[in-house]
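This briefing is meant for a reader who is meeting the structure for the first time. It begins with the chain as a whole, then turns to a pocket and to a few individual residues.

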Amino acid sequence: SDGTTFDSSQGRDPLAFQVGAGQIIPGLDAAIPGMAVGDTKTVNVPCEEAYGPVNPGMRQDIPRAEIPADIPVEIGTRLQMQAPNGQPIPVVVVASDDTTVTLDANHPLAGKDLTFNIELVAINAAA
């Protein structure tokens with residue numbers, strides 16, 4: 001909603017997805033039905049229908065001594081943690097001092113209301 005472009009398909013293939021299958025954020029998925037090929041629309045999606053609000057529980061303070069010295073911990077650095085089941089978890093360093101590093105696993109667009117300018121370029125029948 002602040003005018004920052006966070007993604008675009010200009011110069012790339014259009015985004016392909018199955019409507020209603022949960023492949024895109026709910027607020028955008030709900031805006032597509034009723035559109036026809038060639039239609040354009042601006043869709044305002046509140047954070048609750050996009051990536052959700054920022055979840056404070058997704059931030060974790062890690063003792064600096066537990067992070068290897070060769071791992072950068074400057075604010076804004078993107079790192080990857082591993083969940084107990086082996087799944088990778090992308091995180092961002094949001095605070096760092098001599099004793100603690102704070103990592104945030106929230107989606108980068110969590111807490112943000114989003115605006116999409118969309119054009120429906122094709123409809124393919126489901127297989």
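**Overview**

About 9,000 Å² of accessible surface is computed for the protein chain, and 51% of that surface belongs to carbon and sulfur atoms. The model is a predicted one, and its secondary structure comes to one helix and six strands.

**The chain as a whole**

- Read along the sequence, the elements of the protein chain follow the pattern α-β-β-β-β-β-β.
- The radius of gyration of the protein chain is 19 Å, whereas a compact globule of 127 residues would have a value near 14 Å.
- Taken along the principal axes, the box filled by the C-alpha atoms of the protein chain is roughly 55 × 35 × 30 Å.
- Of the 127 residues in the protein chain, 26% count as buried.
- Among the contacts in the protein chain with a separation of 6 or more, 56% are accounted for by residues 24 or more positions apart.

**The largest pocket**

- The largest pocket holds about 1,600 Å³ of space, and 41 residues line it, of which Ser 9, Leu 15, Leu 28, Asn 117 and Ile 118 lie nearest its centre.
- Strand S6, which covers residues 114–119, gives the most to the lining of the largest pocket, contributing six residues.
- By residue type, the lining of the largest pocket divides into 22 nonpolar, twelve polar and seven charged residues.

- Gly 11 lies in the segment before helix H1 (26–29), and Gly 11 counts as exposed because its relative accessible area is 87%, where over 50% is required.
- Although Gly 11 and Val 121 are 110 residues apart in sequence, their C-alpha atoms are 14 Å apart in space.
- Thr 40 lies in strand S1, and with a relative accessible area of 59% Thr 40 is likewise over the 50% cut-off, so it counts as exposed.
- The C-alpha atoms of Thr 40 and Ile 118 are separated by 5.5 Å, while the two residues are 78 residues apart along the chain.
- Not counting residues up to four places away in sequence, Thr 40 touches Met 35, Ile 118 and Glu 119; of these, Ile 118 is also one of the residues that lie nearest the centre of the largest pocket.

**Two buried residues**

- Cys 47 lies in the loop between strand S1 (40–45) and strand S2 (59–63), and Cys 47 counts as buried because its relative accessible area of 8% is under the 20% cut-off.
- Leaving aside neighbours within four places in sequence, Cys 47 is in contact with Gly 52, Pro 53, Gly 111, Lys 112 and Asp 113.
- The C-alpha atoms of Cys 47 and Leu 109 are separated by 8.2 Å, and these residues are 62 residues apart along the chain.
- Val 73 has its place in the loop between S2 and strand S3 (78–82), and a relative accessible area of 10%, being under 20%, is the reason why Val 73 counts as buried.
- With neighbours within four places in sequence left aside, Val 73 is in contact with Arg 64, Ile 67, Val 93, Ser 96 and Val 101.
- Val 73 and Ala 21 are 52 residues apart in sequence, and from C-alpha to C-alpha they are 38 Å apart in space.

Methods: Residues are numbered from 1 along each chain as its sequence is written. This is a predicted model: local features need pLDDT of at least 70, side-chain atom pairs count only at pLDDT 80 or more; totals for chains, interfaces and linings use all residues. Side-chain values use heavy atoms; hydrogens and water are left out. On a 1 Å grid over the protein atoms alone, a cavity is a set of points where a 1.4 Å probe fits but cannot get out, and a pocket is an open set with protein on both sides within 12 Å along at least five of seven lines; lining residues have an atom within 4 Å of a point. Grid points are joined across faces, edges and corners, and a volume is the space filled by probe spheres set on the points. Helices (H or I, at least four residues) and strands (E, at least two) are DSSP runs, numbered from the N terminus. Ala, Val, Leu, Ile, Met, Phe, Trp, Tyr, Cys and Pro count as nonpolar, Asp, Glu, Lys and Arg as charged, and the others, Gly among them, as polar. The radius of gyration is taken over C-alpha atoms; the globule rule is 2.2 Å times the number of residues to the power 0.38. Buried means under 20% relative accessible area, exposed over 50%, partly exposed in between (1.4 Å probe, protein chains only). Contact means heavy atoms within 4.5 Å. Accessible areas come from the Shrake-Rupley method with a 1.4 Å probe; for residues, only the protein chains shown count as cover.
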